[in-house]
Amino acid sequence: NTPYVTVQIAPDWNPWWLPQVESDPSWRNRMPEYKPAAPYQNRIHSGANAQQYFTFYGTHVAGIWQQVPVTPGARLRFSIWMQVWSSAFDDPNVSESDGQVDVKVGIDPTGGTDPFSGNVVWSNGINALDSYRQFSVQARAQSDRVTVFLWASQNTPAENQDAYWDDARL
């Protein structure tokens with residue numbers, strides 16, 4: 001439920017991105033486009049579809065989030081499969097001259113919706129260029145709901161900055 005036509009998100013998920021500010025170069029902190037990964041089967045981990053978000057010729061700090069009802073005090077593990085295509089070139093199977101991508105997943109055990117909050121427990125980053133890798137993080141619920149976050153950012157602009165996410169589990 002967003003006013004942006006370039007934001008197509010899986011049901012029950014919400015987009016977030018760090019907005020570009022006036023002092024940013026034109027390539028930094030651009031709003032990514034969000035869309036389904038289908039019909040590109042090599043970008044789907046399982047099933048019929050996956051979530052994709054991307055930026056052309058720039059960088060973004062962005063992701064998606066979802067709030068989930070839980071039992072307070074419950075020990076939780078959030079996991080998801082993810083891959084990145086980050087390349088200065090057009091071969092969709094190979095990341096070349098990538099944008100130094102940082103990807104991770106997080107849980108806010110208090111149920112907040114700010115990915116920059118100090119409450120968010122983040123996973124370690126994993127190099128997931130060109131093939132799916134599983135990310136996971138654990139936390140103890142401090143409320144009757146938690147928020148799970150996906151994060152992808154780059155340090156360097158590149159022609160293609162694509163993140164693909166699939167098979168989330170909490």
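Is Phe116 buried, exposed or partly exposed, and what is its relative accessibility? In this predicted model, Phe116 has a relative accessibility of 45%, so it counts as partly exposed. Let's start from this residue and follow the aromatic rings.

The structure holds 10 aromatic pairs. One of them joins Trp16 and Phe116: the ring centres lie 5.6 Å apart and the planes meet at 80°, which makes the pair edge-to-face because an angle over 60 degrees is classed that way. Now look at where the two partners sit. Trp16 belongs to strand β1 (residues 14-17), while Phe116 is found in the loop between β6 (101-108) and β7 (121-122), so their contact ties together parts that are 100 residues apart in sequence. Trp16 has a relative accessible area of 7% and is therefore buried, whereas Phe116, at 45%, is partly exposed.

A second pair worth a visit is Phe54 with Phe56. Here the centres are 5.3 Å apart and the planes are at 70°, so this pair is edge-to-face. Phe54 is buried at 6% relative accessibility, and Phe56 is partly exposed with a relative accessible area of 40%.

Conventions
Residues numbered from 1 in each chain as written. Predicted model: local features only at pLDDT ≥ 70, side-chain atom pairs only at ≥ 80, totals over all residues. Heavy atoms only, no water. Phe/Tyr/Trp six-rings, centres within 6.5 Å; stacked < 30°, edge-to-face > 60°. Helix = DSSP H or I, 4+ residues; strand = E, 2+ residues; numbered from the N terminus. Buried < 20%, exposed > 50% of the residue type's maximum accessible area, 1.4 Å probe, protein only.
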